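Hi everyone, thanks for coming. Let's take a look at today's structure together, and I'll walk you through one part of it.

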Amino acid sequence: MDGGKGKGKCMDGEKGKGNAWMRSKGRGKYADGIRREGDMGEVRFQARMYVSLLKMTMKGILEYRADFWISLVSVVLLNGANIVQISVISWRFHALGNWGVGDLLVLYGMFMICWSIFSVFFRKLSKIEDEIVSGSFDIYLLRPVSPFLQLVGGDINYTGLCDTMMGAALLAVGLRMAGVQWGIGHILWFAVFILSGGTIVVCIRFLISCVTFWTTRGSALSSVFTQIYLLIQKYPVTIFGRAFRVLVTGIVPVAYLNFYPAVYLLGKPDAPAWLCMLSPVAALALVCLSAIVWRGGLRHYHSGGG
Amino acid sequence: MRVFGSWFKTEMRAAGLYRADFLLRLCYSLIAMYGVCSLWRALYRQDPGLVGRPLPAMVTYAMLAVALDIIFYPSALKSAPQNYIADQVRTGRIDTDLLRPRDLQFQLLVRNAAVALFSLLWLVLPAWLLGVFFLGMELPAGVICTAAFAASIVLGFLVLFSLNFLLGLVCFVTLDIRQITMAYSGILTILSGKLIPNWLYPEWMQAVIRLLPFRCIFEMPLNIYTGVLESGEIVRGLLLQGFWALALFCLGRLAWRKVHKYLAVQGG
Amino acid sequence: MISVKKLTKTYRIARPQEGRFAALRSLVRPQYTVCRAVDGIDFDIQDGEVVGYIGQNGAGKSTTIKMLSGILVPDSGSVEVDGLTPHVDRKAHLQNIGVVFGQKTSLWWDVPVIDSLRILKEMYRIGEGQFRKNLEMFCGLLDLDSFLGQPVRQLSLGQRVRADLAAALMHDPQILFLDEPTIGVDVVAKERLREFILEINRERKVTVLLTTHDMVDMEKLVDRVIVINAGSILYDGGIQGLRERYGRQRRMELEFEGEPPEISLPGVQAGKQKDGKFVVTFAQGQYAVDEILSHIRQGGVPIRDITIQNADIEQIVRDIYREGGRE
């Protein structure tokens, strides 16, 4: 996200102003090297750094190992009430609108899988507030690697895989109950939906966190989103009013996490197919917005604790 | 009473300091209210007979449940007894609570009551007003209903507090109560009538629920508010709530005394 | 090397509002108090200088350092470090500088120090040979060997700052920014840090800009002092100059063979300290020592012992802060 601004002007050897020590061999090679590598080289470098950072993080995490099984139990417990609610409603009313219990489970499962992309790899985004307030965000700006990658590289939450597993299980059960046969096209679209959905969750959380660059407080905003997530996770968007549907489709496109994918994959009449296929577009738009906000945020950054 | 006032003021000040947060909390409730409102409308459109209540009463029930959730939310508050005790045990500061002359259970009750009253006035009430004006919520069925509803909320709060306090004491047995807390909130959500009205459950489940205290927290006050209970039933409901509140409170007291003695023997 | 012109940074702090609908108003149209953390400062630092940057807490020291290192974007004015504008050419700039914050570590908390250094090697694309050479040198000078394998959270503060210094210098920067590097470190460790900084400056011609509250740091390390107060520079020059310009107060300690006499000269303060010493302070230009002494002798009490001191740097700095630069 931070791009490689000013690559070309990087480190001309001559700038060392007669400091012999500066022009040591390794340094000179690097200064030349970066210029020839160009954009692709920069991307590869950032990617390599992200992997290295994750390795470091894992080393650190092993010191406080969270129990995988306990986390799995927690995930089941946390989602238990919602699952019970879905089953009771389906049992009493046979369906919610034209959504049967299988369809509702697909809705729920898709959401959890998209969410788990955030919770495994990008959980650190929800810590931006703390990092900014404590001033430890400064450190990211002192190293020649994208601050965004340094931030997200600082945490990996393998217990988030419990979300993925539970989501996948619910999805499998739901699909079987709904009795849908998948072709190769469905599988490809499924992959696209999950990736776009994951991107949307990450970007929204990221944008909320970026609010702290301006206000230094943002936690309550995220709880409002939690509530919206709760609604779209359990219920098909069509039961809500028009304004809400426009909100979750066009403004904060969270309906692309599960509703539109489910409509497409289950062949529901709730929305036209082209609208469902806009999922990657929504994701891309949010990525662009995030990049802009991030740049603005860094410009506006008031380092704390000083 | 003075302690109550000071906690109330603290809460007030915090809300004043983080006003944006405060408004967002209200927003949070309104979205949830809008959600359940839409859900029940959709189900009602589908089959009015299966809901078992007229639509306005059902919508009112569901939305009020979500609004009351702000004061009854089991695990969000730092000052909630289970969170407070867990925190004190983990950091080893529980000793200081033992040394204080005041009774811990009572103190926590006062503090939580202050927080709850504050939330009631500044969050639940506005949410309720907005619900009445914009989301089609009904007013209480009459003066007697309103009074009974107020009493029922207080008793429901006491039941919830006593349960939370007991949950907190589990810390002394297992140290880490996070998983138990999750299970507990799950059970509470399902059996208290908050998410799904109990009359929609299968018969056998309703029978189980009738034996448990959880329905005193949400179902009772909400049923009283929506006016589905006759006056005899209201009195019986209040008595039941009173019974559970008293029993659980005393149980908590007993358990705390046991813990107190145990810790004294252990030397803190 | 470093050139700062008319540099300004202001913060806006949201002001709580009073009265009815205050919550709504502060959401819709927040009001701010503007705080000028750095207010139009200028200075230049040459190659190989060691410059001390001092001022009270909140005077704008850290803000300046953060703008110089590219963390903060200035509101107006220009910063140039080795021909680069820090916040614009961030990555190239970071290759030129090393930064140490005494109060927070830039190392990874839960992994051994050596692992942190290794990942920094990757980040700064340091060659293996250069890395080895530097590691060896820093191990020698900073005695890193004893804790290279320990995670940072287990290090003492002194060890941590040493590890941070090594980390900041691994990529051979020409410029080193140190923000209160010796704060909270014990006396012995402080001395070692100072020696190391001097060594780096001498051997590698690294330009150093450091902020500190420790006046011993100033006396031992620094060729030049920049004093900042409320966002503006009060003084920029040598330590000696600082003394001459502001250190006009002299201090005389006396012991008498009996009750000390009354001293009533305008502009002279005299009196018994808590520790029983009788102290007289006066402005250097106003009185000669002899004038004061002859005045005291008029009282007739014999003097047993006498010491005369210049005000120390700490005293001078305190005076500057108090006067706010009035002369």
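Which residue in β7(C) does V51(C) stand opposite? The answer is L209(C).

Before going on, a word on what you see: this is a predicted model, where local features need pLDDT of at least 70 and side-chain atom pairs count only at pLDDT 80 or more, while totals for chains, interfaces and linings use all residues. Residues are numbered from 1 along each chain as its sequence is written, and chains are lettered from A and ligands numbered from 1 in the order in which they are written.

Now, the whole chain. Chain C has 11 helices and 13 strands; these are DSSP runs, helices being H or I with at least four residues and strands E with at least two, numbered from the N terminus. Its C-alpha trace spans about 75 × 65 × 35 Å along the principal axes.

Back to our strand. β7 covers residues 207-211 of chain C, and 5 of its 5 residues are buried, meaning that 20 or more other C-beta atoms, placed from the backbone, lie within 10 Å of a residue's own. T207(C), L209(C) and T211(C) point one way, V208(C) and L210(C) the other.

Who are the neighbours? Strand β3 (residues 50-54) of chain C pairs with β7(C) in the parallel sense over 4 bridges; pairing takes at least two bridges found by DSSP. Strand β6 (residues 175-179) of chain C also runs parallel to β7(C), joined by 5 bridges, and here F177(C) is the bridge partner of L209(C).

Note on methods:
A residue is buried if 20 or more other C-beta atoms lie within 10 Å of its own, exposed if 12 or fewer, and partly exposed in between; C-beta atoms are placed from the backbone.
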